[in-house]
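Thanks, everyone, for making the time this morning.

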Amino acid sequence: MVIIVGAGPIGLATAIELKRRDISAKIIERGCLVNSIYNYPKDMTFFSTSERLEIGGVPFISHNPKPTRREALEYYRRAAESYDLDIHLYEEVKAVDGEDQEFIVQTDQGEYDASKVVVATGFYDIAKMMNIPGEELDKVKHYYDEAHAYAWQDVLVIGAGNSAVDVALETYRANANVTLAVRDSQIKETVKYWVKPDIENRLKNNEITGYFNTEVKEIRPKEIVLETPEGTKTISNDFVLAMTGYQPNFEMMKTFGIELTNNEKRMPVYNEQTLETNRKGIYVAGVVCGGMDTSSLFIENTRVHAEHIAGDIEDKTSG
Ligand SMILES: Cc1cc2nc3c(=O)[nH]c(=O)nc-3n(C[C@H](O)[C@H](O)[C@H](O)COP(=O)(O)OP(=O)(O)OC[C@H]3O[C@@H](n4cnc5c(N)ncnc54)[C@H](O)[C@@H]3O)c2cc1C
């Protein structure tokens, strides 16, 4: 039995590839199916076209040029169902004891024997903190849901990537008074090409107030303090939407005995062909492989991990 930690798209894809090779697998997921996607902004649209999000050859038909979160939730439910995958939801993996072929996977509800373990835990569970005074206030959100709650409020959006830009535009269109604080001198080049002109024009027209080369210094109950190139500015504020990114659970990987690279990326150490980590019999799959570099790996370019891992496990099992 192979235990897969995480029922994101890549955990599901790996279970499907194992099933196709008649290798039994169980997925253990701490939240709901595709929990990260479930927690994305409600009205979010993927930047990928639907066929690039497909797994296991199950067709993903979207009614839009780019699929929505709601369509993706339905699609991954159907994909899991059509392969009749064995999935335990709302169960968290805490530790992996033993060794290759004889692992014992500990969860918050019990333990399982496993011949191999695949860690497909993504990066969306842990928000990158700014570590500034006031970040702990309830009005500061690292996860954005939908715009309605921010109507007629003074909203600070922090960041310059796709999430920050989407949130700034959505809340602006829901009548929020939006300020965008960006550390760098411009909006990121990686912002969706069909969205970038929209934010740039809103900034140019002062419909959204932009502060570039700016650090957020402090968050107070009704104000924020910004360090701008023109000096310190204190502005009125009701909500802070900190779209500053997310990071993999490094502590969990270390608990599993997976080494991390000794540089700012902190990537798990693994074989690029097989995805097997330094700990024999434990594999990594999906966006967790990128470490802190969370913008270079997606569903699109990590789906292939499933075949590599399943192929390697098949070779080792039959050999
Ligand atoms: C806003 C946004 C938009 C995106 N748009 C696109 C796009 O258009 N195209 C694209 O290709 N990619 C996109 N991505 C990236 C991609 O969607 C995600 O990174 C994708 O979900 C990665 O899949 P995954 O299976 O590797 O990890 P995840 O989907 O993050 O799945 C990991 C799972 O592991 C579970 N888990 C974690 N720890 C444990 C534990 N200890 N025990 C049990 N379960 C655990 C989590 O609950 C989660 O369900 C986007 C990301 C974001 C944030």
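Please keep in mind throughout that this is a predicted model. Let me begin at the boundary between the two domains, where the salt-bridge rule finds 1 salt bridge across the interface. The partners are Asp-145 and Lys-42, whose closest N and O atoms are 3.1 Å apart. Beyond that, 4 residue pairs are counted in polar contact between domain 1 and domain 2, with both residues at pLDDT 80 or more. If we sort by class the residues on the side of domain 1 that touches domain 2, we get 6 nonpolar, 1 polar and 4 charged.

Stepping back to the chain as a whole, the domain assignment gives domain 1 as 2-126 + 246-318, and domain 2 as 129-242. Taken over C-alpha atoms, the centres of domain 1 and domain 2 are separated by 32 Å. In terms of contacts, 11 residues of domain 1 meet 8 residues of domain 2, and the area buried between domain 1 and domain 2 comes to about 820 Å², with carbon and sulfur atoms giving 47% of it.

Now to the ligand, which is surrounded by 31 residues, the closest being Glu-29, Ser-36, Phe-47, Ser-48 and Ile-299. Arg-30, by contrast, contributes through its backbone, with an N or O atom 3.0 Å from a nitrogen atom of the ligand. As for burial, the ligand taken alone exposes 990 Å², and the protein buries 94% of that.

Key:
Residues numbered from 1 in each chain as written. Predicted model: local features only at pLDDT ≥ 70, side-chain atom pairs only at ≥ 80, totals over all residues. Heavy atoms only, no water. Domains from an automatic or database assignment. Contact = heavy atoms within 4.5 Å. Buried area = accessible area lost by both parts, 1.4 Å probe. Salt bridge = Lys/Arg side-chain N within 4 Å of Asp/Glu carboxyl O. Polar contact = N/O pair within 3.5 Å; in protein donor to acceptor, adjacent residues only side chain to side chain. Nonpolar A, V, L, I, M, F, W, Y, C, P; charged D, E, K, R; others polar. Near = heavy atom within 4 Å. Areas by Shrake-Rupley, 256 points an atom, 1.4 Å probe, with all protein chains shown as cover.
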